[in-house]
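Welcome, and please open your viewer. We will walk through one protein chain together, selecting a few parts at a time.

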Amino acid sequence: MEEFMTATFWLAVGQIIMIDILLGGDNAVVIALACRKLPPAQRRLGILWGTAGAIGLRVILIVFALALLTVPYLKLVGAVLLLWIGIKLLVPDDEDEHGNIESSDKLWAAVKTVIVADLVMSVDNVIAIAGAAESAGGDHKIPLVIFGLLVSIPIIVWGSQLVIKLMERFPMIIVLGGMLLGWIAGTMAVTDPAVLPHLPADYLVAAVREGALPTVVSSLNYGAGILGALLVLAAGMLMRKKKPANTNGH
């Protein structure tokens with residue numbers, strides 16, 4: 001119970017909520033498109049059941065992702081993916097990604113569309129949230145993930161317009177979100193089981209539990225996080241500057 005009261009736990013909860021709002025804003029659009037042809041009486045049910053199914057599926061995916069993060073080199077792969085997701089967040093695509101979302105006038109068909117579309121679109125969320133939960137450590141990663149998702153999903157579904165307007169008015173929110181993904185990527189990379197044996201002993205903290213891997217000292221963890229955040233910021237700004245020159249002809 002004490003672990004739920006630590007600053008690390010609540011910092012990870014905040015990270016999960018921010019990640020899901022930044023990367024999950026499209027989910028609200030998907031839900032709206034999939035349920036738009038339902039009768040008004042069924043529309044709310046479609047939204048509720050579709051959201052519930054999407055949350056359940058995402059929790060299952062994150063459980064698998066957390067288990068896989070103990071395999072050597074997978075954290076490094078995840079870190080590279082997170083860096084790319086963070087950079088893309090700073091350089092949004094112009095293409096409409098929702099043109100192929102089919103709506104239905106049948107409740108369960110609409111619910112199935114929401115769940116399948118969320119599955120396809122949630123790979124980035126799953127990797128980022130698993131990384132945030134992993135950084136919190138301890139034995140309460142799954143409750144942490146569930147709590148973070150339960151808080152953030154209603155914000156996305158019912159407050160998506162407000163969130164979108166805030167992001168348009170304060171673009172720095174998106175920049176900070178991209179840098180957060182870079183931070184998680186950096187801290188994830190230095191704790192990969194394949195990296196730990198190559199770090200000097202001064203940078204390692206002995207594991208408390210028998211059979212557990214050692215962890216890195218906080219200074220190395222923070223340094224790697226800052227490096228990842230700055231890398232996303234620099235690459236994102238560079239790509240954003242180059243993008244207008246490449247799209248003027250369209």
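How many helices and strands does the secondary structure of the protein chain come to? Colour by secondary structure and you will find eight helices and two strands. Here, helices (H or I, at least four residues) and strands (E, at least two) are DSSP runs, numbered from the N terminus. Follow the chain along its sequence to read the pattern α-α-α-α-α-α-α-β-β-α.

Before going further, a word on what is on your screen: this is a predicted model, in which local features need pLDDT of at least 70, side-chain atom pairs count only at pLDDT 80 or more, and totals for chains, interfaces and linings use all residues. Residues are numbered from 1 along each chain as its sequence is written, and side-chain values use heavy atoms, with hydrogens and water left out.

**Stop one: helix α2**

Select residues 40-68, which form helix α2. This helix has 29 residues and reaches 42 Å from its first C-alpha to its last, close to the 42 Å expected at 1.5 Å a residue. The expected span is 1.5 Å times one less than the number of residues. Now highlight some of its buried residues, including G46, G50, A54 and R58. Buried means under 20% relative accessible area, exposed over 50%, and partly exposed in between (1.4 Å probe, protein chains only). Across the protein chain, buried residues make up 41% of the 250 residues.

Next, pick I153 in helix α6 (residues 141-169). Is I153 buried or exposed? I153 counts as buried because its relative accessibility is 11%. Draw a distance from I153 to A52: their C-alpha atoms are separated by 9.4 Å, although the two residues are 101 apart along the chain.

**Stop three: aromatic pairs**

Which kind of pair comes next? A search of the whole structure finds two aromatic pairs. Show W49 and W108, which form a tilted pair, 5.9 Å centre to centre with 55 degrees between the planes. Rings of Phe, Tyr and Trp (its six-membered ring) pair if their centres lie within 6.5 Å; planes under 30 degrees apart count as stacked, over 60 as edge-to-face and the rest as tilted. This pair links distant parts of the chain, with W49 in helix α2 and W108 in helix α4 (residues 107-121), 59 residues apart. W49 is partly exposed at 46% relative accessible area, while W108 is exposed at 54%.

Now show W183 and Y222, a tilted pair with 6.0 Å between centres and 35 degrees between planes. W183 sits in helix α7 and Y222 in helix α8 (residues 218-247), 39 residues apart. W183 counts as partly exposed at 26% relative accessibility, and Y222 is partly exposed at 46%.

**Stop four: helix α7**

**Last stop: the UniProt record**

Finally, select residues 220-239, one of the spans that the unreviewed UniProt entry annotates as "transmembrane region". Such annotations may be inferred rather than shown by experiment; positions are given in the numbering used here and feature names are shortened. What share of residues 220-239 is helix? The span is 100% helix and 0% strand, with its end C-alpha atoms 28 Å apart.
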